[in-house]
Amino acid sequence: DQAFLPRSIRDDFPILATAQGGEPLVYLDNAATAQKPQAVLDALVDYYSTANSNVGRGYYRLSMASTDRYEEARETVRQALGAEHADEIVFTRGTTDAVNLIADGLGARLVGEGDQVVVTGMEHNSNLLPWRRLCERAGAELVVAPVDERGAVDAAAFAAVLGPRVRIAAVAHVSNVLGTVNPVREMIAEAHRRGVPVVVDGAQAVPHAPVDVRGLDADLYCFSGHKAYGPMGTGVLYGKRDLLAELPPYQVGGGTVKGVSHTEPVRYVPVPARFEAGTPNVAGAVGLAAALRYVRDLGWDAVRRHDEALVRHAVESLRQIDGVRVVGDPAAAPSGIVSFVVDGIHPYDVGGHLDRHGVAVRSGVHCASTFLDEMGLLGTVRMSFAVYNTADEIDVVADALRSVRPGSWTTDHPTTRFL
Ligand code: PMP
């Protein structure tokens, strides 16, 4: 089952040994958040047991040790993303926080009345709503690059919407609904030819493949640490040094100023501290660094092959079940996600039925209702994989699906409210 991985790793994840209503837990909602290996849990306990104190403020050894751990974590993230400088790495609460930071700072600076902002038709609300709000505030127009029949954005179609009024583009690297991978390198090149900076939402990319921000030439790149085996409430904004250096702070407060008086203009500290107002989630950053090292040590080749094997197995298994339809073609370029629908059965009913078998999947519109609307779907059932998943777990899903019936799980809430 885990043939490509260097060793059996399920024991690294304590939660996998738990049961759900008497059934072993089959956790297939990794695109929402991944489980945490013991190495990450240990890093959190170790930080709180040996180094906990506020960072960058205290002239005593414990505070300096804490600051060192925090900055080491930043360096680990820098290496993982292939960024040039550690000060291009800003710790955030997640992708949502990172996108809001950019829309507020860079977006507000670049986008004025009559300008345009480009997103793609597959965006998660977290990479859509901050841009919509920016446009509403600025009197600008949101332009949506189309998603093609494969469920991905075509670089030429993207280029076609990059007119002279476009000031910034924000695009998903990997769809959180279908797992399709966008040609972001080509898209960024097209945008740069027209002088447009690009923000990439890498929330679903970073857990599944090594990302090289310099290779992509991304101006800004966001991801969520908690989806990449790191702690909840962690995320990263990478930004090219020159771009970040120009931006005003997002939130202001402790840690962001060089000098402040009641009357003189405020002088802010350089990035990244300028974007990390208040006491940061130091333990979270330390845990995220441990997570990135954990995956790196498994080896990206092995992780990729494992991921592909699971996607292929899932697609083959689902195709053999009457009434089940895989959405898109995830096996063409696997990235850890397989979405499907069951004829005549609401995705919530399918999700509830699977839950009774101990299976955790996501059903509904996955915070991307605009994309589901475009595809003409009420919702999907989404299996999303991580390094610890096995083909046997997919077989549990397939077996359970053979007995799903309309209304086999009746939700007592109005489905539209929760979709
Ligand atoms: N973008 C994408 C593509 C996502 O899948 C998610 C998480 N579902 C987000 C953004 C938001 O991430 P977070 O909730 O960690 O801020």
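Reader: Which residues in α1 meet which in α9?

Author: From α1, Ala 39, Val 40, Ala 43, Leu 44, Tyr 47 and Tyr 48 meet Val 282, Ala 283, Val 286, Gly 287, Ala 290, Ala 291 and Tyr 294 of α9. Contact means that the C-beta atoms, placed from the backbone, lie within 7 Å. Helices are DSSP runs of H or I with at least four residues, strands are runs of E with at least two, and both are numbered from the N terminus. This is a predicted model, where local features need pLDDT of at least 70 and side-chain atom pairs count only at pLDDT 80 or more, while totals for chains, interfaces and linings use all residues. Residues are numbered from 1 along each chain as its sequence is written.

Reader: Thanks! How many nonpolar, polar and charged residues are in that contact?

Author: The contact of α1 with α9 has 12 nonpolar residues, 1 polar and no charged ones. Here Ala, Val, Leu, Ile, Met, Phe, Trp, Tyr, Cys and Pro count as nonpolar, Asp, Glu, Lys and Arg as charged, and the others, Gly among them, as polar.

Reader: And at what angle do the axes of α1 and α9 cross?

Author: At roughly 145°, with the axes coming within 8 Å. Axes are lines fitted to C-alpha atoms, for helices over the stretch in contact, and angles run from 0 to 180 degrees between N-to-C directions.

Reader: Switching to strands: what is the order in the open sheet of 4 strands?

Author: The order is β13-β14-β17-β16, with antiparallel pairing. Strands pair if DSSP finds at least two bridges between them.

Reader: Which strands stand at the edges?

Author: Those are β13 (324–326) and β16 (362–364); each has a single partner strand, so one side of each is left without a neighbour in the sheet. As for β14 and β17, they pair over 4 bridges, and Ile 337 has Ser 384 in β17 as its bridge partner.

Reader: Nice. What domains is the chain divided into?

Author: Domain 1 covers 10–30 + 299–418 and domain 2 covers 41–296, with bounds from an automatic or database domain assignment. Their contact takes 22 residues from domain 1 and 23 residues from domain 2. On the domain 1 side, α10 gives the most, with 4 residues.

Reader: Last one: how many residues surround the ligand?

Author: There are 16, and the closest are Gly 94, Thr 96, Asn 176, Ala 203 and Ser 224. A residue counts as near if its C-beta atom, placed from the backbone, lies within 6 Å of the molecule. By class, that shell has 5 nonpolar, 10 polar and 1 charged residues.

Methods: Two residues are in contact if their C-beta atoms, placed from the backbone, lie within 7 Å.
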